[in-house]
Amino acid sequence: MSDLPKEVFAAEGAHEAVLRHLVRQRPNLAGLRILDLPCGRGAFSRRLLESSAKVVAVDLAPRDDLLFDHQHFRSADANQPLPFESASFDVVISIEGIEHFENPSLFLRELHRVLVPGGLAIVSTPNVNALWSRWELFRRGYHCHFQPVSDGEKMSGHLLPIDAVFIRGAAERAGMTLVEIGTSDTNRKNWFWEWLRPRLFKRLPSWIRAGELAYGEVSVYVFARS
């Protein structure tokens with residue numbers, strides 16, 4: 001897989017984290033039908049294509065600087081039902097998209113619909129369960145990456161912080177099962193956060209308290225369609 005310029009990626013380490021989970025669940029990507037939504041410039045779509053996957057890359061509108069052949073691009077609005085037949089894909093990848101969507105529960109239901117039985121949905125989003133994000137909420141009134149920039153807008157077009165309890169519950173109601181959780185990194189782990197972790201996490205479900213979500217800029221959730 002090609003090394004791509006840093007500026008084409010989402011948050012640093014997000015693509016690598018998603019790829020780790022994908023390859024762990026599906027070691028051979030060749031021939032898999034994969035939906036990448038939203039694709040942005042297509043850095044991750046390009047990686048998938050280089051692994052011989054059959055990729056459909058989706059975003060709101062085409063752009064001139066796509067990093068892959070335009071024939072793989074499809075324009076669609078994730079706030080609406082997706083323009084694909086049911087059971088069209090083996091895997092759906094959504095890297096830092098769900099926090100931009102007006103109805104994340106509808107989006108997860110659509111992922112379930114377009115996946116084959118046993119298919120995978122891998123969804124990443126800013127990790128609002130992380131200790132320093134929760135600390136920022138206490139200190140400043142907003143989670144990391146959700147800073148208000150006007151009376152009605154947040155930074156980077158973000159709409160809703162997606163926490164672990166919400167996304168698991170919404171995915172399960174859609175008919176998917178959580179099979180893995182990960183994060184992009186644990187670089188901020190130190191004695192202070194470890195001291196604070198049991199105090200800030202004590203009222204959260206045990207699967208969060210025992211997991212990786214205390215650290216990492218981006219959280220990654222892997223769901224299997226029933």
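**Close-up views of a predicted model**

**View 1. Arg 188 and Glu 217.** Glu 217 has a relative accessible area of 17% and is therefore buried (under 20% relative accessible area; exposed is over 50% and partly exposed in between, with a 1.4 Å probe and protein chains only). The side chain of Glu 217 forms a salt bridge with that of Arg 188, at 3.1 Å, N to O (a salt bridge being a side-chain nitrogen of Lys or Arg within 4 Å of a carboxyl oxygen of Asp or Glu). The pair links distant parts of the chain, 29 residues apart: Arg 188 is in the loop between β6 and α6, and Glu 217 is in the loop between α7 (206–209) and β7. Helices (H or I, at least four residues) and strands (E, at least two) are DSSP runs, numbered from the N terminus. Arg 188 is partly exposed, at 36% relative accessible area. The model is predicted, so local features need pLDDT of at least 70 and side-chain atom pairs count only at pLDDT 80 or more, while totals for chains, interfaces and linings use all residues. Residues are numbered from 1 along each chain as its sequence is written, and side-chain values use heavy atoms, with hydrogens and water left out.

**View 2. Arg 41, Arg 63 and Asp 65.** Salt bridges with shared partners join Arg 41, Arg 63 and Asp 65 into one network. Within it, the side chains of Arg 63 and Asp 65 meet at 2.6 Å, N to O. Arg 63 is partly exposed at 34% relative accessible area, and Asp 65 is partly exposed at 31%. The count of salt bridges comes to 12.

**View 3. Helix α4.** Leu 131, Trp 132, Ser 133 and Glu 136 are buried in α4, and the buried residues of this helix pack against α6. Glu 136, at 14% relative accessibility, forms a salt bridge with Arg 139 (2.7 Å, N to O). Both residues lie in α4, three residues apart, about one turn of the helix. Arg 139 is partly exposed at 48%. Gly 141 follows α4 and has a positive phi, near 100°.

**View 4. The loop between β3 and β4.** Ser 88 is in the loop between β3 (73–75) and β4 (89–95) and is buried, at 19% relative accessible area. A polar atom of its side chain lies 2.4 Å from the backbone oxygen of Glu 85. Not counting residues up to four places away in sequence, Ser 88 touches Arg 33 and Val 114 (contact means heavy atoms within 4.5 Å). Ala 87, in this loop, has a positive phi of about 60° although it is not a glycine. Ala 87 is partly exposed, at 34%.

**View 5. Nonpolar cores.** The largest nonpolar core has 39 residues, and Leu 35 and Leu 111 have the most contacts inside it (a nonpolar core is a set of buried Ala, Val, Leu, Ile, Met, Phe, Trp, Tyr and Cys residues joined through side-chain atoms within 4.5 Å). Elements giving two or more residues to this core include β4, α3 (104–114) and β5 (115–126). Beyond four places in sequence, Leu 111 touches Leu 82, Val 92, Ala 121, Val 123 and Met 176. A second, separate core of 21 residues includes Val 55, Ile 95, Val 218 and Val 222.

**View 6. Ile 122.** Ile 122 lies in strand β5 and is buried, with a relative accessible area of 0%. Leaving aside neighbours within four places in sequence, the contacts of Ile 122 include Val 18, His 21, Val 92 and Val 220.

How values were computed. Polar contact = N/O pair within 3.5 Å; in protein donor to acceptor, adjacent residues only side chain to side chain.
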